[in-house]
Structures are given as C-alpha cells and as structure tokens.
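Biologist: I have a model open and some time to look around in it. Can you walk me through it?

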Amino acid sequence: VGGAMGEARRMLTTLVLGAVAFSGGSRVGLSRSRVAMSSRSEEPWNSDIIAKTTMSKMDLESATGTKSAAVAAPAAPKAAAASSSGKQDFLEANPYWDVTNIPLNTYKNKTPFTGKVISCKRMVGPAATGETCHIVIGHEGKMPYWEGQSFGVIPPGTNPKNGKPNSVRLYSIASSRYGDDMTGKTGSLCVRRATYTDPETGKDDDSKKGVCSNFLCDAKPGLAVTMTGPSGKVMLIPEQTPTADLIMVATGTGIAPYRAFIRRLFVEKTPAGEAYKGQAWLFLGVANTDSLLYDDEWQASLKTHPKNFRLDYALSREQNNKAGGKMYIQDKVEEYAEEIFAKLDGGAHMYFCGLKGMMPGITDMLERVATSKGLKWSEKLEELKHKGQWHVEVY
C-alpha cells in the first residue's frame, strides 16, 4: 500500500508541475491539481485517479484474485520472453501486418464472455462538461482484440419498455492489444457517463440516464461485466504501409481507438511501431481544458516522436474559430484543409470517431477544397473509400 501511495504522490507531483495542453501551435498550462483535490474528496476509494491509466501487476492480481501472466502457467514463458527482450511482440500476426486471422466476434450475445473490472478512474477535471472514466477490464487472455476494434457490453437488468434483457452497447477499445498492463490480458474503455437534466427543473432525471455508461462509470474492481466481440474492421491501422500518414479526428470519447493506435506506434515496442515512418496527426474536440482526455500521454508522445506525432485541440468554450464563433472540431480541421487534402492525395488514411455531427462540416470543407482544384468531391470520396483511406465510426 505504501508503495502504491508513493507512486500516486509521485505521479501527482509530476502532473501538477508538468501537465500542459497543445493547442493550435501553442502550449496552455493545465491546472490538474484541481482534479486531484476533487477526486480525493469526492471519490476517496479512487485516490490515485490522476493520470494512472496503466495497470500494475499488483492491481491485476488484487482485482482478480489470481497471479498475472508473468507468474502463472503455460502462457508465461512467451510473455516473459517478450518482456525481457523489451519488446511487445507475443500477440503479433506473422507477418505483423497480416489481417487474415484478426479476432472477430469471438463472443456473441447468446454466448458472451464475463470479464472483471480491474479499475475505474475518473479522468477529467472539475470544470469538465461531463464525467468520463477510463475503465480497465480483465479478460484472462481469452478475448484477444486488435487496435481499432470494439467490445460489446451488456448491462445487467431489463429494458422497462419491453421487459427484455438489456441490449448490447458497443465501445471502442482504448488500449492496444497488449492492454495497459502489457500482459495481453486486459482491455480498456473510455466511457462518458450519460445523464439527463430536466430543462424545467434543472435536476437530473435518473429514469433517462444511460444504463450502460452509468453501470460502467460506477464500477468497482472485481465487478463482473458481460461482454461480446471484439467486433469491427473499419478502424484498423494500415500496417502493411508503414509510411502512410494517419489523420485521426475525434470528439470526446471518440478518442478511444486513437489511444490504442498511439500506444502501439509510439509507446510500446511493437513491430508496427519500429516500422512506422509516417505521421500520425490527432485532432481532438472537447468543451474545455478540463475535458481533455489522455493529454499527459499525448504530450509524452510529442516529446519522444516529434516528427511522427502531431496534435491539435479544438476547445469549443475556450477558443474561437476564424469567424469569431466557437471552435468546433470541424473548424480546427478546416484550418489545415489544403494540407489535409494533399496528404490524402499522397495516400494518407483519415479516421473519424465520435459524434456524427462533426461529419457534415468536415465533408463540406473538403468539398470546397476539391472544387477549388477542379475536382468533384463525390468522386474523390468514392476514390478514398475504394482505396481504403476513409474510416468512419460515428454515432
């Protein structure tokens, strides 16, 4: 316990002194100490909330009541070898970019998997417009997945409208295939708590809150989670082309798959990361600085891979667009319209994840650029889709 508390204090000190946000070419200081004070007073069971989005072996063993892969039986030698070599390569295809045997729908609604929550941590500041949590779920290595895929979660209970069991909800996975603990036995989700406030009374109406998001955001270590998947092939990294630029556009929790991408390419020592020579450009749109997600991780990747990683934020309540209005994600992307179009012409892959409301503004902007070049956007878009350069997962 003393070691864990010491680690939490060290992380808090580092974060308060060094946390910054990158926005439109300039850095803005983040007062994350406020987050720490809020989390410790409001969630005393979760006092190590700040920035700790990786799992230690101790955490894993404590929540599951078992020894982790590094100590336990048959799979251990391979995982241990990968660890001692300093590389994450024991869950790779052969060659690493081959998608022939991608895990897909291993578990279905009628035959789901039961995972166990390892941790659930609030990850936004007190002035955020909602609560977002980072949730790590243990799957014992029985539910492998790849970056860009989704897990299904079936919340307990029944639908009051029809009396049937609650239906599955899909969540993009926010960790690489190795998980935050690097064992290949956990997966992470980035979930915003869905609430409804009555416009007349100004009070929350629990009858209209999100069933699954609240179930997950309220989770304590050890909680059983009924899961399906993994599913999806739309958001995969084009690893067979390690020179390809990746343009990743997200609103809010749509950041999840990109965290998986960035960990694979710039944080973990994977074959894909060693081979990657392109530029991964991340656009994230949130309301304000306190609503930023995984900022400490993005800043670390900017320092370690300044030529290969690029970051732009759209903070709608703190920044203005060129017309003087609020800066939404489509406005930030439009600032680089010509450059983005050129990258797409050069083979870049463009990804969208989050609220579908961002799509019209972005496609309208790209259509204007296409028209200025004497091109028909409808034909250009069809070309991008045909070449597999256009990836959309919005809701």
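Biologist: Which residues line the second largest cavity?

Modeller: Tyr96, Trp97, Val99, Trp146, Glu147, Arg177, Leu236, Ile237 and Glu239 line the second largest cavity. On a 1 Å grid over the protein atoms alone, a cavity is a set of points where a 1.4 Å probe fits but cannot get out, and a lining residue has an atom within 4 Å of a point.

Biologist: Where do the numbers come from?

Modeller: This is a predicted model, so local features need pLDDT of at least 70 and side-chain atom pairs count only at pLDDT 80 or more, while totals for chains, interfaces and linings use all residues. Residues are numbered from 1 along each chain as its sequence is written, and side-chain values use heavy atoms, with hydrogens and water left out.

Biologist: How much space lies in that second largest cavity?

Modeller: About 80 Å³. A volume here is the space filled by probe spheres set on the grid points, which are joined across faces, edges and corners. The structure holds 4 cavities of 30 Å³ or more.

Biologist: And how much space lies in the largest pocket?

Modeller: The largest pocket has about 1100 Å³ of space. A pocket is an open set of points with protein on both sides within 12 Å along at least five of seven lines. The lining of the largest pocket has 46 residues, and Thr251, Gly252, Thr253, Leu355 and Tyr395 lie nearest its centre.

Biologist: Which element gives the most to that lining?

Modeller: Strand E6, with 4 residues. Others that each supply at least two residues include helix H5 (211-217) and strand E13 (390-394). Helices (H or I, at least four residues) and strands (E, at least two) are DSSP runs, numbered from the N terminus.

Biologist: How many helices and strands does the chain have?

Modeller: 12 helices and 13 strands.

**The sheet**

Biologist: What order do the strands take in the open sheet?

Modeller: The order is E6-E5-E8-E3-E4-E7, 6 strands with antiparallel pairing. E6 (169-172) and E7 (186-192) are the edge strands, each pairing on one side only. Two strands pair if DSSP finds at least two bridges between them.

Biologist: What holds paired strands together in general?

Modeller: Strands of a sheet pair through backbone hydrogen bonds, either parallel or antiparallel.

Biologist: How many bridges does E3 make with E8, then?

Modeller: E3 and E8 (residues 224-231) pair over 4 bridges in the antiparallel sense. Glycine 115 has valine 225 of E8 as its bridge partner. Strand E4 (residues 132-138) is joined to E3 by 6 bridges, and the two run antiparallel. There, serine 119 has valine 136 of E4 as its bridge partner.

Biologist: Why is E3 called largely enclosed?

Modeller: Because 8 of its 10 residues (113-122) are buried, E3 is largely enclosed by the rest of the structure. Buried means under 20% relative accessible area, exposed over 50%, and partly exposed in between (1.4 Å probe, protein chains only). Of the 395 residues in the chain, 51% count as buried.

**One leucine**

Biologist: New topic. Is leucine 366 buried or exposed?

Modeller: Leucine 366 counts as buried, at 0% relative accessibility. It is found in helix H11 (residues 358-372).

Biologist: What does leucine 366 touch?

Modeller: Leaving out residues up to four places away in sequence, leucine 366 touches Ile340, Phe341, Trp377 and Trp390. Contact means heavy atoms within 4.5 Å. Valine 333 is 33 residues from leucine 366 in sequence, and their C-alpha atoms are 9.8 Å apart.

Biologist: Where are the cis peptide bonds?

Modeller: One joins asparagine 94 and proline 95, with omega about -5°. Proline 95 is in the loop between helix H4 (76-84) and E3. Another joins glycine 229 and proline 230, with omega about 0°, and proline 230 is in strand E8.

Biologist: Which residues other than glycine have a positive phi here?

Modeller: Among them are asparagine 105, with phi near 55°, and tyrosine 294, with phi about 60°. Asparagine 105 is in the loop between H4 and E3 and is partly exposed, with a relative accessible area of 35%. Tyrosine 294 lies in the loop between strand E10 and helix H8 (295-304) and counts as buried, at 4% relative accessibility.
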